[in-house]
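Student: Could you walk me through this model, one feature at a time? I'd like to start with packing and then move on to the rings.

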Amino acid sequence: MACIGRIETAGKHVTPDAFSYTWDSLLVSAFGILWVGGLVVWGIYSGKSIGSLLVFGFVVPFFLWNCLMGFVIYVQHTHPRVAWYERRDEWSANAGYATTTVHIKLMRPLDGLIHYILEHGAHHVNMGIPL
């Protein structure tokens, strides 16, 4: 798999490791195939409708995941308090990372359920922090 561009972080250019991305893509694809295959096998051996199992066991959860992540990304990066810069020279490394997202706290059980993903500012300061 060829590298498509560079990732710019804090003034350095980091070239993505093609092997890591390929391996990750293969694992995700294998998981998806096993997930759908498992639903089909379940339908065959249980006598349940394969179509229903695929809709309620794969399509609906995938749709809900996309809705949740779409909402999370939209809210974190388009809030009225998020700074937008017209020119790159206006954007400084420290201020840019700190002001391009918002920190949102939800009620404790819900926040923990989504792994505190809306407390997102630390990720912009240090991209090694996954959420």
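This is a predicted model: local features need pLDDT of at least 70, side-chain atom pairs count only at pLDDT 80 or more; totals for chains, interfaces and linings use all residues.

Student: OK, is valine 72 buried or exposed?

Tutor: Valine 72 counts as buried, because its relative accessibility is 2% and the cut-off for buried is under 20%.

Student: And which residues does valine 72 touch, leaving out those up to four places away in sequence?

Tutor: With those left out, valine 72 touches Ile117 and Leu118, and although valine 72 and leucine 118 are 46 residues apart in sequence, their C-alpha atoms are 6.9 Å apart in space.

Student: Which residues make up the largest nonpolar core?

Tutor: That core has 5 residues, namely Met69, Val72, Ile114, Ile117 and Leu118.

Student: Switching to rings, how many aromatic pairs does a search of the whole structure find?

Tutor: The search finds 3 aromatic pairs. One of them joins tryptophan 35 and phenylalanine 58 edge-to-face, at 4.8 Å centre to centre with 75° between the planes.

Student: What does that pair tie together?

Tutor: Tryptophan 35 lies in helix H1 and phenylalanine 58 in helix H2, so the pair ties together parts that are 23 residues apart in sequence. Phenylalanine 58 also forms a stacked pair with phenylalanine 62, at 5.8 Å centre to centre and 5° between the planes, and these two phenylalanines both lie in helix H2, 4 residues apart, about one turn of the helix.

Student: Which residues form the aromatic cluster?

Tutor: Phe31, Trp35, Phe58 and Phe62 form one aromatic cluster.

Notes:
Residues are numbered from 1 along each chain as its sequence is written. Side-chain values use heavy atoms; hydrogens and water are left out. A nonpolar core is a set of buried Ala, Val, Leu, Ile, Met, Phe, Trp, Tyr and Cys residues joined through side-chain atoms within 4.5 Å. Buried means under 20% relative accessible area, exposed over 50%, partly exposed in between (1.4 Å probe, protein chains only). Contact means heavy atoms within 4.5 Å. Rings of Phe, Tyr and Trp (its six-membered ring) pair if their centres lie within 6.5 Å; planes under 30 degrees apart count as stacked, over 60 as edge-to-face and the rest as tilted.
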